[in-house]
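Biologist: I am new to this one. Could you show me how to read the packing of helices?

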Amino acid sequence: MRVGVADTTFSRVNMGAIAIDELKKHASVAIERVTVPGIKDLPVACKKLIEERRCDIVMALGMPGGQEKDRLCAHEASQGLIMCQLMTNTHIIEVFVHEDEAKDGRELAWLAEQRTVLHPRDLEREAGTGQRQGFADAGPARR
Amino acid sequence: MRVGVADTTFSRVNMGAIAIDELKKHASVAIERVTVPGIKDLPVACKKLIEERRCDIVMALGMPGGQEKDRLCAHEASQGLIMCQLMTNTHIIEVFVHEDEAKDGRELAWLAEQRTVLHPRDLEREAGTGQRQGFADAGPARR
Amino acid sequence: MRVGVADTTFSRVNMGAIAIDELKKHASVAIERVTVPGIKDLPVACKKLIEERRCDIVMALGMPGGQEKDRLCAHEASQGLIMCQLMTNTHIIEVFVHEDEAKDGRELAWLAEQRTVLHPRDLEREAGTGQRQGFADAGPARR
Amino acid sequence: MRVGVADTTFSRVNMGAIAIDELKKHASVAIERVTVPGIKDLPVACKKLIEERRCDIVMALGMPGGQEKDRLCAHEASQGLIMCQLMTNTHIIEVFVHEDEAKDGRELAWLAEQRTVLHPRDLEREAGTGQRQGFADAGPARR
Amino acid sequence: MRVGVADTTFSRVNMGAIAIDELKKHASVAIERVTVPGIKDLPVACKKLIEERRCDIVMALGMPGGQEKDRLCAHEASQGLIMCQLMTNTHIIEVFVHEDEAKDGRELAWLAEQRTVLHPRDLEREAGTGQRQGFADAGPARR
C-alpha cells in the first residue's frame, strides 16, 4: 500500500513528520510526502498524490488558525477534500487541528500528535462507540 | 436489490447495526456495510459502495456532535452526499441524528433507532402529508 | 414536451398534485412524477427524471420547515439543483415554500398553490417587471 | 463575437434591454438573449447560451431582493455561475444589483443602468486602479 | 516553467506587476498575464491560463473590499479556485489581501507587495514552522 502525506508550512507542528514516524511502524507501507503553504492548497496536492504518485490513501494534515477567516479557510479546504475524494474514489483522512482547540503551544503539539497517530488505526475500530480523537471518548449512548 | 450501509465510529449509537436489522426483515435484500471515522468520510464511502460494490441505494448514517463546528461538518457532509448522488444517479438516504436533538443518552439512542428504522419504509410513504421522522408528524396543512 | 414533477412527503401540501392539475390544462404535455422524503433528495430525483425518464424540464417542489437547520437544508438542496441543471443543460423550476412565510395552515396551502400554479407560465413573462410569486408584484423600478 | 445576455423577470429594471442597447453600439457583435424567472435560473441559462447557442461570452444580469434569503439566493447563483465558467472555459460577466444598494426606485434604475453599461467596457480597463462599478472609484492605494 | 499571473482591476494595488517583477528575478520562467474585473472572475481566468495558455502554475491575485458582501465574494472565488485546481491537477497560488487587513493605503500597498513577493518563494519553505505571510511568523508550537 502506498500512503500519501500532505501537510503545510502554515502549521506550527511538523504534522507530516509525526504521521510518517507512525506510518513507518507498519511494515509494508510506501510513503509519498508533499508540503504546501496552507490548508487551501491541500485538495489539489492530495489529488496529485493520488493520480500522479499513485497513492491508495492520503492523509491531509493542517492546522487552521483561530480567527473567523481561518475557520472559513478550513471549511473551503474540507469541501475541496470531499470533492477530491468523490473525483478519485479514494479516501482522504483529514486531520485538522485548530489552534484554538488547545490552551498553549505544548497542548497543541500534543493534540496534533494524538490525532495524527490515531488515524492509521481508524479502520479497525468499532462502529457506534463515540470515538473522539485526541480527547476522552464520548462512549456509546445507552450506557 | 443491493443496499449499502455506511456508518461512523464517531456515532454513539450503532446505527449501522440497527439499519441492517431492519433491512433484513425485508426478504430479498443484499447488504454491503462499511464503517468510517466521521460523517465527512461518508460521501466517498457511499460512492465506493455504489461504484465498487454495486449498491442500488445507500443509507448514510451519522451522529454529528452538538457544537457549531459539528454543524459545519454535517453541512459539508450533506453537500458531498448530494454531489455523490448527482455523480452516480443513485439515491442516498441521509440519516443524521444531531446530539443536541435529544436531552440525554437514552433519548438519543431512541431517536437514532426511530429514524434509522423509519427510513427503509420511506419509499412507501405518501406525498404532501407532513411526515416528521422520529417526532409527531406535522400533518397536512389544510386540516 | 415531457415535464417532470418531483415533490416530497415532508411537505404539508400535496404540491405535486397541484402542479399536475395545472400542467394538464396545457394539452400536449406528458408528465412524469416522483415523490421523495425531503428536499435534499430532490437534486438526484430531478437528475433521474431528466436522464432516465427523458424529461425536458422539471419542477422541484418542496416545503422547508421554519427552523434554522431547515433553511440550511434548503440551501443545500438549491445548490444541488443548480449543479444538476449545469450537468444536464436542463432547466429545473425550483418551487420552495417556506413554512414560516405563512401565518397558518390555510395561508400555507394557498401560497403553495399560488406558486406552483404560477410557475408553468414563467417563460412567457416580461423581463424587468419585478414579478413576485404568490405576493403582490414589486413592479418596475422607474414608475 | 457572439454575446449572450441572460436576465430575469424578478428584476425591477429591464437590465437585458439596457445591456443590448449598449452592446449594439459596438459594431460587429451578435447577440443572443434569454429571460428566466430568477437569479438561480441564470447558471443553466448561461450554460445553454454558451453550449447550445454558441456564445463566446455571457452577461448574467440580476437584481436580488433586500432580504437575508435573497442574499443567500445571490450566493447560490454566484457559485453556479463560477462553476458554469469552469465547465465551459468561458467568461460570464455577473452584474447583480442588490435592491438594498439604492435608496429608492429611481436610484435603483440608475445604478442598474450604470453597472450594466460599464461592463461591456471591462476588458479595456487597467489593473490595480481600484475600479468600483456605479460608484466613485476607490483609486490606487499608494496615492 | 510557464507561470500564469491573474489579477483584477478592482484591486487598489497593481499586484500583477509586483508578481511579474519578482518572478523575473528567477531566470528561466515564462510568464502569461491576464487582468479581469474582480476576484470572482479569477477561477475561469486561471483555468484558461492553464488549459489554453499552458501554464504549469498560476498566481491568482486579488484585493477583496472590507464589507461583509466582499468577504462572501472572496469565499466564492476561493471555492472556485479550489475546484479549478481539482479539475486541472495544477496548483494555483491564491494571494488575497483584504482591504480591512491594513489601516491605510500605504500599509495596504506594503502588505500586498509583501505577500505577492513572498509567494514565489513558497516552494522552498519548510513544513511545520508556522509561516505567516506579511506579518511576523507564529513560529513552531513547541518552543
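Modeller: Start with a cut-off: angles under 35 degrees count as roughly parallel. Keep in mind that this is a predicted model.

Biologist: At what angle do helix 2 and helix 3 of chain C pack?

Modeller: Helix 2 (residues 42–51) and helix 3 (residues 68–88) of chain C pack at about 20 degrees, and their axes are 8 Å apart. The two helices of chain C are therefore roughly parallel to each other. Their crossing is right-handed.

Biologist: Which residues make the contact?

Modeller: First, the general idea. An α-helix has 3.6 residues a turn, so residues three or four places apart point the same way. Now the case here. Helix 2 of chain C contributes C:Leu42, C:Pro43, C:Cys46, C:Lys47, C:Ile50 and C:Glu51. From helix 3 of chain C come C:Ala77, C:Gly80, C:Leu81, C:Cys84 and C:Thr88. By class, the contact has 7 nonpolar, 2 polar and 2 charged residues.

Biologist: How many residues of helix 2 of chain C are buried?

Modeller: For burial, count neighbours: a residue is buried if 20 or more other C-beta atoms lie within 10 Å of its own. In helix 2 of chain C, 9 of the 10 residues are buried, so by that cut-off the helix is mostly covered. Among them are C:Val44, C:Ala45 and C:Leu49.

Biologist: What do the buried residues of helix 2 of chain C pack against?

Modeller: Within chain C, they pack against strand 1 (2–8), strand 2 (30–36), strand 3 (57–62), helix 3 and strand 4 (92–96). Helix 3 of chain B is also packed against them.

Terms used: Residues are numbered from 1 along each chain as its sequence is written. Chains are lettered from A and ligands numbered from 1 in the order in which they are written. This is a predicted model: local features need pLDDT of at least 70, side-chain atom pairs count only at pLDDT 80 or more; totals for chains, interfaces and linings use all residues. Axes are lines fitted to C-alpha atoms, for helices over the stretch in contact, and angles run from 0 to 180 degrees between N-to-C directions. Helices (H or I, at least four residues) and strands (E, at least two) are DSSP runs, numbered from the N terminus. Angles under 35 degrees count as roughly parallel, over 145 as roughly antiparallel, 65 to 115 as roughly perpendicular and the rest as oblique. A crossing is left-handed if the near helix is turned anticlockwise from the far one by less than a right angle, and right-handed if clockwise. Two residues are in contact if their C-beta atoms, placed from the backbone, lie within 7 Å. Ala, Val, Leu, Ile, Met, Phe, Trp, Tyr, Cys and Pro count as nonpolar, Asp, Glu, Lys and Arg as charged, and the others, Gly among them, as polar. A residue is buried if 20 or more other C-beta atoms lie within 10 Å of its own, exposed if 12 or fewer, and partly exposed in between; C-beta atoms are placed from the backbone.
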